[in-house]
Amino acid sequence: MSHDRVSSSTFLGRFVARDQGLRYRDRYRTGRHARVDRLERAALRELMADLGTLHRVLDLPSGTGRLSAVLAEFADRVTLADGSSTMLQIAREDLNGLPADYIQTDLESLALNAGSVDLVFATGFSITSKTAHCAHACSANSPA
Ligand SMILES: C[S@@+](CC[C@H](N)C(=O)[O-])C[C@H]1O[C@@H](n2cnc3c(N)ncnc32)[C@H](O)[C@@H]1O
């Protein structure tokens, strides 16, 4: 079993085992979650279409890449970053062939160089720390 660097986080702990990761991915393929998935994809396509083609988009945390494939339709390259190597491995299997990079990292300690990504897309997590509280966010970071 792999040992994730940030597995002490209770939330992250839900996504460490492979069966948990697969369950998360598959949940969005049927029933109510499938409808949510369709709506989120459509909304994301609309948002992305307004931005035009981007060079590099960061999906943080990417999970199993549920929305990374949509981001890839509008960018030359997508970076998937997540604290769980398991989630990233499932994404890598599912997104086989997509121009993508995979980074295992704690989202609170990810260091980004200025201008290294055109867009940070973030959804499906919450951070509670002294400095941040974030539920659903999608923020653009214009390159210099
Ligand atoms: C509910 S999933 C959302 C994934 C994706 N954004 C989506 O909408 O399908 C939450 C993801 O956050 C990751 N995660 C939780 N805590 C994290 C942390 N501290 N650093 C990096 N990733 C984290 C989990 O591994 C999981 O893949």
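## Helices H2 and H5

Helices H2 and H5 are oblique to each other. This description, like the rest of the report, refers to a predicted model. The axes of H2, which covers residues 18-27, and H5, which covers residues 85-94, cross at roughly 55° and come within 9 Å. Angles under 35 degrees would count as roughly parallel and those from 65 to 115 as roughly perpendicular, so the pair is classed as oblique. The crossing in which H2 passes H5 is right-handed.

On the H2 side, the contact is formed by Arg18, Gly21, Leu22 and Arg25, and on the H5 side by Thr86, Met87 and Ile90. Sorted by class, the residues of this contact between H2 and H5 comprise three nonpolar, two polar and two charged.

## Strand S1 and its partners

Strand S1 spans residues 54-59. S1 runs parallel to strand S2, which spans residues 75-82, and five bridges join the two strands. Within this pairing, Leu58 has Thr79 of S2 opposite to it.

S1 also pairs with strand S4, formed by residues 119-122; this pairing is parallel as well and has three bridges. Here Val57 lies opposite Leu119 of S4.

## The cis peptide bond at Pro61

Between S1 and helix H4, which covers residues 68-72, there is a loop that contains Pro61. The peptide bond that joins Leu60 to Pro61 is cis, with omega at about -5°.

## The surroundings of the ligand

Pro61 is also one of the closest residues to the ligand, together with Phe15, Gly63, Gly83 and Gly124. In total, 20 residues surround the ligand. By class, this shell consists of nine nonpolar, seven polar and four charged residues.

Notes: Residues are numbered from 1 along each chain as its sequence is written. This is a predicted model: local features need pLDDT of at least 70, side-chain atom pairs count only at pLDDT 80 or more; totals for chains, interfaces and linings use all residues. Axes are lines fitted to C-alpha atoms, for helices over the stretch in contact, and angles run from 0 to 180 degrees between N-to-C directions. Helices (H or I, at least four residues) and strands (E, at least two) are DSSP runs, numbered from the N terminus. Angles under 35 degrees count as roughly parallel, over 145 as roughly antiparallel, 65 to 115 as roughly perpendicular and the rest as oblique. A crossing is left-handed if the near helix is turned anticlockwise from the far one by less than a right angle, and right-handed if clockwise. Two residues are in contact if their C-beta atoms, placed from the backbone, lie within 7 Å. Ala, Val, Leu, Ile, Met, Phe, Trp, Tyr, Cys and Pro count as nonpolar, Asp, Glu, Lys and Arg as charged, and the others, Gly among them, as polar. A residue is near a molecule or strand if its C-beta atom, placed from the backbone, lies within 6 Å of it. Two strands pair if DSSP finds at least two bridges between them.
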